[in-house]
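Here is a friendly note to read alongside the model. Keep the sequence and the 3D view open as you go through the points.

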Amino acid sequence: MRLKMWTKEEAKEFIKKILPEVDILLIGDEEVELLCGHSNLEKAIQEFHDYGIKNVIIKRGKYGAIGSSGDGICYVDAIKPRAIVDTVGAGDGFAAGFLTAFLKGESLEESLRFANAVGSLVVGVEGDNEGLPYYEDVLVHLGENKVVER
């Protein structure tokens, strides 16, 4: 939600109109309060499911992520970054990581874990997309693959 583009009220009104058309909702924990009027993440997940959204993902930055596909809530811890240089782009990296893993057929929990890994790599580089890693680099960061020579 980019509040420089519109007011909170305009954003809330528009987004609530399109929620029934959403299949995957990637939202930040601070945006939950704006849309739902409260900060209870578990309650918000159910409210988003009530709109018909199958997959609800809440980004929580250094606290990890929460997700649900309607059959329970999955909590995944953040992955500690090697360094924090610039947090710009971490949320976009998280989204790209989640969608990459999810569309490859990974479980919700593994997709959240992969997304957290991408976000933790992105914050180690200055700039909004310069730190986006290769798929293999994320696997290395997760300890699932050996270093790839480039």
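1. **How to read the model.** This is a predicted model, in which local features need pLDDT of at least 70 and side-chain atom pairs count only at pLDDT 80 or more, while totals for chains, interfaces and linings use all residues. Residues are numbered from 1 along each chain as its sequence is written, and side-chain values use heavy atoms, with hydrogens and water left out.

2. **The largest pocket.** How much space lies in the largest pocket? The value is about 1100 Å³. A pocket here is an open set of points on a 1 Å grid over the protein atoms alone, where a 1.4 Å probe fits and protein lies on both sides within 12 Å along at least five of seven lines. The volume is the space filled by probe spheres set on the points, which are joined across faces, edges and corners.

3. **What lines the pocket.** The lining has 37 residues, and Gly28, Lys59, Ala90, Gly91 and Asp92 lie nearest the centre of the pocket. Helix 1 (8-18), strand 1 (24-28), helix 2 (29-36), helix 4 (90-103) and helix 5 (108-122) are the elements that give two or more residues to this lining. Strand 1 gives the most, with 5 residues. A lining residue has an atom within 4 Å of a pocket point; helices (H or I, at least four residues) and strands (E, at least two) are DSSP runs, numbered from the N terminus.

4. Sorted by class, the lining has 19 nonpolar, 9 polar and 9 charged residues. Nonpolar covers Ala, Val, Leu, Ile, Met, Phe, Trp, Tyr, Cys and Pro, charged covers Asp, Glu, Lys and Arg, and the others, Gly among them, are polar.

5. The structure holds 2 salt bridges, each a side-chain nitrogen of Lys or Arg within 4 Å of a carboxyl oxygen of Asp or Glu. One joins the side chains of Glu13 and Lys17, at 3.9 Å from N to O. These residues are 4 apart in helix 1, and are therefore separated by about one helical turn. Are they buried or exposed? Glu13 is exposed at 51% relative accessibility, and Lys17 is exposed at 59%. On this scale, buried means under 20% relative accessible area, exposed over 50%, and partly exposed in between (1.4 Å probe, protein chains only).

6. Arg113 pairs with Glu110, their closest N and O atoms being 3.0 Å apart. Both lie in helix 5, 3 residues apart, which is about one turn of the helix. Arg113 is partly exposed at 25% relative accessibility, and Glu110 is partly exposed at 28%.

7. **The nonpolar core.** Which residues touch the most other members of the largest nonpolar core? They are Leu25, Val32 and Phe48, in a core of 18 residues. Helix 1, strand 1, helix 2, helix 3 (41-50) and strand 2 (55-59) each supply at least two of its residues. Such a core is a set of buried Ala, Val, Leu, Ile, Met, Phe, Trp, Tyr and Cys residues joined through side-chain atoms within 4.5 Å. Leaving out residues up to four places away in sequence, Leu25 touches Leu19, Phe48, Ile53, Asn55, Val56 and Ile57, where contact means heavy atoms within 4.5 Å.

8. **Lys8 and Leu3.** Lys8 is in helix 1 and is partly exposed at 49%. Not counting residues up to four places away in sequence, Lys8 touches Leu3 and Leu34. Leu3 sits in the segment before helix 1 and is partly exposed at 39%. With neighbours within four places set aside, Leu3 is in contact with Lys8, Ala11 and Leu34.

9. **Two loop residues.** Gly61 lies in the loop between strand 2 and strand 3 (65-68) and is exposed at 56%. Lys54 is in the loop between helix 3 and strand 2. Its C-alpha atom is 5.4 Å from that of Ser69, although Lys54 and Ser69 are 15 residues apart in sequence.
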